[in-house]
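I opened this notebook to keep track of what I looked up, one topic at a time. The entries below follow the order in which I went through the chains.

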Amino acid sequence: MTNNRFVLLVEDNADDEALTLRAFKKSRIKNEITVVRDGEEAVDFLFASGKYSKRNAADLPEVVLLDLKIPKLNGHQVLERIRANPATKTLPVIVLTSSNEEVDLMKSYENGANSYIVKPVDTNQFISCIEQLGLYWLVLNQSIT
Amino acid sequence: MSHLNLRQKLMAIVCTVVLAFTIATILGWYFDSEVQMQLKNVRHHYIPIIELGYRLDSEFSAIALGLRDAAAAQDPAALEAVSQTKDKLIADLDQSRDFVDPQLIADAKAAVDDYFKIAQETSGRIISSEAGTPLVDTMMQMQAKRIAAQALLKKITAFDRERLTKAFAESVAAQKYSTNISLVINLLCLLFVGLVAGVIWRDLVAKIGAIGAGLERFGAGDFKVPIPVRGRDELSVLGRKVNLMAERLQGLMKEIESFSYSVAHDLRAPLRSVAGFSTVLIEDHGPSLNEDARSSLNRIVAAAQRMGQMVDGLLSLSRLNRTALVKQSVNLSHVAARIAEELKTNDPDRQVKVEVAPEIIASADPKLMEVVLSNLLGNAWKFTKKNGNAQIQFGRKQIEGHPTIFIRDNGAGFDMRYADKLFGTFQRLHTVNEFEGHGIGLATVRSIIGRHGGKIWAESEPEKGATFYFTLD
């Protein structure tokens, strides 16, 4: 009962993107991964607006991996937009960030994040973190729709 | 009151004291002089009356005695002398007209005259041995007249005494009244001075208290409420200056906060890349690399990880410094025992004897004390790893009158020459190869103890273990 829809990765750092994609590949998670590089692009993608206006808005990802410190709209603002829209209100959003500041943690959960994960510096820990995340959200978790 | 400065307030107290003292003195002097006047009055008016009374008494006795002596001596010249004394008595009686009932004086004069006349006659008859009315009868008559005159004179004298007594009683009462009034005035002045001083005192104490409370809040990292400042005195100026300082401090702390936020976010990302891509190289191209290249890559990965831990340590140190201190009663023995249990669970291969003294209770922030004890006990655990008979002791004793908590181990210890480096950030007295760690633990501990207003120090000798002491005043 694997959830086959794609994963949306909101990440502006190309290195982190490459490492995340590699971790997914190594963890044998087969879901397709779409990458957007700033907050505005993320919102446009999800709501099929702007340069993604041709996209089918009903085609939502299984899960969104959201970095907080991204250009234009930051992660908190993106999360607010996602929760404000009825179509994406229940979309699982995992904050994947370098920040272990309490303010960020508090604000993310207040805005309705489903998880908050601090990216570890240690590569093996990072891979195992992505693995567990994939296993939980893409295999075990049962989401609406 | 609050618009006066400190010097003006103190001047106000001094002026009030001087003013009150002056008023009390003037009023006291006024009432006292009133009493003195009354006494003078008594002396001027009544003393002559009394003297007159005594004179009347003695003159009358002199008359009676003179008449008797004249008769006995049968000397007409002596009789003449008595007549002079009688004239003096009459003149004295006339003098007392100002203050004795005139009717009484007239009666007394008549009685004296009567008595004298008959006494003179009697004495004359005795002297000349003249016959007539039997002598005994005349003498009886004379006796009666003498008693009558004496009684009237006594009445006059008594009258004087009465007035004198009354006057004295009045002056004594006046004196008492004056003393009471002076007392009341003094008390009122004292009350007034006390009131003024009290109001100023309270104002000063309240201001000093507010500044103290504010400093305590600021010291604990709570800048929400500034020191309440009103008025223009020196203490209010001080309060305002402290508030300005606190504002600046708060600004600086916010800067540090945003700095550490940047460190958290921006410094860790490239580190992840360094570690991550080195790992990619090892994993994807490891077999085609020679041993040197693989070893170098492993070193890069290890270094990146260590730096990641240091960044994390710095961040947690700055976060601890930013969280407000909440003091409450903490059973440190329970905390220490729990941490010791955790250390044993995480490192089951080691045999360490941990002794925790019971019921060490202190007023401190429980979360921060957890950090302190886990660092100190963790260090003791770490630095005894080469000792097969490792012992760690947690206890409390009095040092220089302060309850001091200590953690003693019999591990590697350190050279006291480097004791000052012990609590510095990123300072280590052992190599990473000997004992793992990144030099942030004791810096964190010192910062927490400092925020509690306490002190931390250590005593040690290489290979003989170390003892860490701290107070929480």
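For my counts, helices are DSSP runs of H or I with at least four residues and strands are DSSP runs of E with at least two, both numbered from the N terminus. On that basis I find 9 helices and 7 strands in chain B. I keep in mind throughout that this is a predicted model.

**Entry: chain B as a whole**

I looked up burial for the chain, and of the 473 residues of chain B, 24% count as buried. I then turned to the contacts in chain B with a separation of 6 or more, and noted that residues 24 or more positions apart account for 71% of them.

**Entry: one residue of helix 1**

I picked Ala70(B), which has its place in helix 1 (residues 6–73) of chain B. Is Ala70(B) buried or exposed? I take 20 or more other C-beta atoms within 10 Å as the cut-off for a buried residue, and Ala70(B) is buried because 24 other C-beta atoms lie within 10 Å. Setting aside the neighbours within four places in sequence, I listed the contacts of Ala70(B) as Asp75(B), Ala78(B), Leu79(B), Val82(B) and Ser123(B). For one of these, Val82(B), I also noted the spacing: Ala70(B) and Val82(B) are 12 residues apart in sequence, and their C-alpha atoms are 8.5 Å apart in space.

**Entry: where chain B touches chain A**

I found 16 residues of chain B in contact with 15 residues of chain A. On the chain B side, the elements that give two or more residues are helix 5 (234–285) and helix 6 (291–322) of chain B. Helix 5 of chain B supplies the largest share of that side, 12 residues. Sorted by class, the side of chain B that touches chain A has 8 nonpolar, 6 polar and 2 charged residues.

**Entry: helix 7 of chain B**

I followed helix 7 (residues 332–346) of chain B from its first C-alpha to its last, and its 15 residues reach 21 Å, close to the 21 Å expected at 1.5 Å a residue. Which residues of helix 7 of chain B are buried? I noted Leu332(B), Val335(B), Ala336(B), Ile339(B) and Ala340(B).

**Entry: the mixed sheet of chain B**

I traced an open sheet of 5 strands in chain B with the order 2-4-5-7-6 and mixed pairing. Its edge strands are strand 2 and strand 6 (456–460) of chain B, each of which pairs on one side only. The twist averages 20° from one strand to the next.

Going along the sheet, I found strand 2 and strand 4 of chain B running parallel and joined by 5 bridges, with Val352(B) opposite Ala390(B) in strand 4 of chain B. Helix 8 of chain B packs on this sheet, touching strand 2, strand 4, strand 5 and strand 7 of chain B, and its direction makes about 30° with that of strand 5 of chain B.

Strand 4 and strand 5 of chain B run antiparallel, joined by 8 bridges, and Gly395(B) stands opposite Phe406(B) in strand 5 of chain B. These two strands form a hairpin with 2 residues between them, and Glu400(B) in the turn has a positive phi of about 50°. Strand 5 of chain B also pairs with strand 7 (residues 466–470) of chain B, in the antiparallel sense and over 4 bridges, where Arg408(B) stands opposite Thr467(B).

**Entry: the parallel sheet of chain A**

I ended with chain A, which has an open sheet of 5 strands in the order 2-1-3-4-5, with parallel pairing. Strand 2 (33–36) and strand 5 (115–118) of chain A stand at the edges with a single partner strand each, so one side of each is left without a neighbour in the sheet. Strand 4 (residues 93–97) and strand 5 of chain A run parallel and are joined by 4 bridges, and the bridge partner of Thr97(A) is Val118(A) in strand 5 of chain A. Helix 3 (residues 75–84) of chain A packs on the sheet, touching strand 1 (7–10), strand 3 (63–66) and strand 4 of chain A, and its direction makes about 180° with that of strand 4 of chain A.

Conventions: Residues are numbered from 1 along each chain as its sequence is written. Chains are lettered from A and ligands numbered from 1 in the order in which they are written. This is a predicted model: local features need pLDDT of at least 70, side-chain atom pairs count only at pLDDT 80 or more; totals for chains, interfaces and linings use all residues. Two residues are in contact if their C-beta atoms, placed from the backbone, lie within 7 Å. Ala, Val, Leu, Ile, Met, Phe, Trp, Tyr, Cys and Pro count as nonpolar, Asp, Glu, Lys and Arg as charged, and the others, Gly among them, as polar. The expected span of a helix is 1.5 Å times one less than its number of residues. A residue is buried if 20 or more other C-beta atoms lie within 10 Å of its own, exposed if 12 or fewer, and partly exposed in between; C-beta atoms are placed from the backbone. Two strands pair if DSSP finds at least two bridges between them. Axes are lines fitted to C-alpha atoms, for helices over the stretch in contact, and angles run from 0 to 180 degrees between N-to-C directions.
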